[in-house]
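Okay, thanks for coming, everyone. Let me put the chain up on the screen, and then I'll walk you through it.

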Amino acid sequence: MRYVQKKSTPSFFERDTRKLSYWIKYTPSKKRFLKEYILENEQYYLCIYCESKVNMDSSHIEHIEPKSLDIKSLTFDYANLSVSCNGTCFNVSNGNSRHNCGHIKKNTYDKQRFLHPCEIIDLEEYFKYDFDDFKIYTTEKNSKKSEYMIKLLNLNSGRLIIARRNDYQYFNKQLKQIKDVEKRKKFIKNKIKVKTLQFISFFRYKYKHLI
Ligand SMILES: [Zn+2]
């Protein structure tokens, strides 16, 4: 997981939602416009939780704090809105089974243990990765909270593990073709700067000594 900086509430959102009380009244085309705005400007087409690449069809608007907890204050609070993958992952839209992120989390939300991706600036420090099994693990920082998040969002689902492994192996393959050590370092540095990089915190963790 990584920190995502929210922008201030865009004027189109204020205008479109001013008179609305319920999410269902917010039209699909306006929701689509909002989703695209968030993906483009805040999340760079990565899921808010698992950091897998998403597109407009493989994602949904996610109320981080479930709106059912307080419909009045949470439904149209821009700071509470993000974009999650559909849990089928990796742009597979035909699967009905949902494995992780927003659709698994649903309305479960323990405020005491939840690590809010738009509020915790050093969020990446709560997690570490293993490069043999490609799983995400807790760190000493607050293992109760990070453990809660890993389970809540099922961040070690088989699909995510396979996808992390594939991306890592592909990256290594590219690296091996660069013989010069300095050039290799430069390649890594450039790679982990790309905001649209799938599993960006996984790669940043691996190469943190170069950041
Ligand atoms: Zn996800």
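This is a predicted model: local features need pLDDT of at least 70, side-chain atom pairs count only at pLDDT 80 or more; totals for chains, interfaces and linings use all residues.

What about overall dimensions? The C-alpha trace spans about 60 × 35 × 35 Å along its principal axes. The radius of gyration is 18 Å, and that agrees with a compact globule, because 211 residues packed that way would give a value near 17 Å.

On to the inside of the chain. Buried residues make up 25% of the 211. And if you take the contacts with a separation of 6 or more, 62% of them are between residues 24 or more positions apart.

Now, two residues I'd like you to look at. Start with cysteine 101, in the loop between strand E2 (81–85) and helix H4 (102–105). Is cysteine 101 buried or exposed? It counts as buried, because it has 29 C-beta neighbours inside 10 Å.

The other one is phenylalanine 134. You'll find it in the loop between strand E3 (127–129) and strand E4 (136–138). Phenylalanine 134 has 20 C-beta neighbours inside 10 Å, so it counts as buried; the cut-off is 20 or more.

That's my tour, so over to you for comments.

Key:
Residues are numbered from 1 along each chain as its sequence is written. The radius of gyration is taken over C-alpha atoms; the globule rule is 2.2 Å times the number of residues to the power 0.38. A residue is buried if 20 or more other C-beta atoms lie within 10 Å of its own, exposed if 12 or fewer, and partly exposed in between; C-beta atoms are placed from the backbone. Two residues are in contact if their C-beta atoms, placed from the backbone, lie within 7 Å. Helices (H or I, at least four residues) and strands (E, at least two) are DSSP runs, numbered from the N terminus.
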